[in-house]
Amino acid sequence: MAEMGSKGVTAGKIASNVQKKLTRAQEKVLQKLGKADETKDEQFEQCVQNFNKQLTEGTRLQKDLRTYLASVKAMHEASKKLNECLQEVYEPDWPGRDEANKIAENNDLLWMDYHQKLVDQALLTMDTYLGQFPDIKSRIAKRGRKLVDYDSARHHYESLQTAKKKDEVKIAKAEEELIKAQKVFEEMNVDLQEELPSLWNSRVGFYVNTFQSIAGLEENFHKEMSKLNQNLNDVLVSLEKQHGSNTFTVKAQPRKKSKLFSRLRRKKNSDNAPAKGNKSPSPPPDGSPAATPEIRVNHEPEPASGATPGASIPKSPSQPAEALEVAGGTQPAPGAQEPGETAASEAASSSLPAVVVETFSATVNGTVEGSSGAGRLDLPPGFMFKVQAQHDYTATDTDELQLKAGDVVLVIPFQNPEEQDEGWLMGVKESDWNQHKELEKCRGVFPENFTERVQ
């Protein structure tokens, strides 16, 4: 019997709730259609808008704070990995190893402490702050339902009073229900009218406390971390001072292409070597025409093999008529020498253009002319720019230049660009060029990263 009574009560509540929902739905429809008036409270509606805004802001702040904590955790892990790497590469015989390990331990503890304090003083406070919103939100929704019940009871009572045939019993019952609905609604409304403004005003103090806590914790964390970083920096500086002599060795890029230039040089040297059994001709006596030093202009073609000595070279459009023959040809006319001139200057003046003779004469007399023509002739053909060696380089092949720090190299182009490896240049050391003036003997390749451009 008790169970049946209990079931009866439950069934009665369910039926009552269903009836309330139907009545509320009907009242809402009538209000939207304008057939029934609705009780309005603009002040309360403003409080509800503020509540929703406050809830949205708080939810966003909680989400961003969790993201911030996740980032702190990730930075902690990254810092821990970095310190572990330092501990692994720090060799046992290096000074400061124990100090570096202790700094790494303190670094890890500082990250853990920072993360935990953020959780305690910011995240948990944030969770508590937002924990009150669901209950108030539920009460606001319930207050809205009770307001509909109140309006429905009020409209029912008014309709019975205005009916043509009045039923006093029904009117009395409707009045009783109206008073009850009004009481429930007003009790809830009064409580919310007090709580919502108070909650809205509390947001300022909460935001201030939250961000003050975060800022203060972060400030203290960075101060302590700065001290640890300074200590680690001092340990590493001490290590560098004690091992400062172990400089890093600069290495050249590997050469991948075939060393054709080296093979061509070796082949040319073997071709120019005198045949076995041939004797070198003895030098002619001084004063004879053959004693005049041979001068060769780089841009003129060499005589074909088998040509007899003294054969004339074809005219160049830029040469004067009297410079038709090179040294070893016609002897200059008697009396052409001026007092103090050597035989070399005579030969040069009679067989070369004026600008070449001028340069040659200045070189013989121990002076250097400052004309632009002389400057160009003092540089190797195709000269591009100058570089200076910053490190010593030991040649590993016959076609490479041996460099000492400070050597100046005159850079020239490769005869075949396809032979150039990445990171390598062709050139001749300035000292070798000034001494020999022969590219075939002096030029070679060298690593570009061992030098620095100076001109």
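**Helix packing and aromatic contacts in a predicted model**

Let me begin with two helices, α3 and α5, which pack at an angle of about 175° with their axes 10 Å apart; the axes here are lines fitted to C-alpha atoms, for helices over the stretch in contact, and the angles run from 0 to 180 degrees between N-to-C directions. That angle makes α3 roughly antiparallel to α5, since angles over 145 degrees count as roughly antiparallel, those under 35 as roughly parallel, those from 65 to 115 as roughly perpendicular and the rest as oblique. Sorted by class, the contact of α3 with α5 has 18 nonpolar, 7 polar and 5 charged residues, where Ala, Val, Leu, Ile, Met, Phe, Trp, Tyr, Cys and Pro count as nonpolar, Asp, Glu, Lys and Arg as charged, and the others, Gly among them, as polar.

Residues are numbered from 1 along each chain as its sequence is written, and side-chain values use heavy atoms, with hydrogens and water left out. The helices I name are DSSP runs (H or I, at least four residues), numbered from the N terminus, as are strands (E, at least two).

Staying with helix α3, which covers residues 97-131, we find Ala104 in it, and this residue is buried at 9% relative accessibility, buried meaning under 20% relative accessible area, exposed over 50%, and partly exposed in between, with a 1.4 Å probe and protein chains only. Ala104 and Ser79 are 25 residues apart in sequence, and their C-alpha atoms are 9.0 Å apart in space. Leu123 also has its place in helix α3 and is buried, with a relative accessible area of 9%; from Leu123 to Lys63 there are 60 residues in sequence but 9.8 Å in space, C-alpha to C-alpha.

Now, how does helix α4 pack against helix α5? Helix α4 (residues 133-161) and helix α5 (residues 168-242) meet at an angle of about 150°, with their axes 8 Å apart, which means that α4 is roughly antiparallel to α5. The contact of α4 with α5 comprises, by class, 18 nonpolar, 4 polar and 11 charged residues. Within helix α4 sits Tyr157, which is buried at 14% relative accessibility, and its C-alpha atom is separated by 8.7 Å from that of Glu177, 20 residues away along the chain.

Let me turn to the aromatic rings. Rings of Phe, Tyr and Trp (its six-membered ring) pair if their centres lie within 6.5 Å, and planes under 30 degrees apart count as stacked, over 60 as edge-to-face and the rest as tilted. By this rule the count comes to 10 aromatic pairs. In one of them, Tyr90 and Trp94 have ring centres 5.4 Å apart and planes at 70°, so the pair is edge-to-face. Of these two residues, Tyr90 is buried at 2% relative accessibility, whereas Trp94 is partly exposed, with a relative accessible area of 25%. One aromatic cluster is formed by Phe51, Tyr129, Phe133, Phe206 and Tyr207.

Some rings also carry a charge over them, which requires NZ of Lys or CZ of Arg within 6 Å of the ring centre and within 35 degrees of the ring normal. Arg143 lies over the face of Phe44, 3.6 Å from the ring centre, and Arg203 lies over the face of Trp200, at 3.7 Å from the ring centre.

Finally, which residue has a positive phi although it is not a glycine? That residue is Lys437, with a phi of about 60°; its place is in the loop between α10 (430-436) and α11 (439-442), and at 35% relative accessibility Lys437 is partly exposed.

Technical notes. This is a predicted model: local features need pLDDT of at least 70, side-chain atom pairs count only at pLDDT 80 or more; totals for chains, interfaces and linings use all residues.
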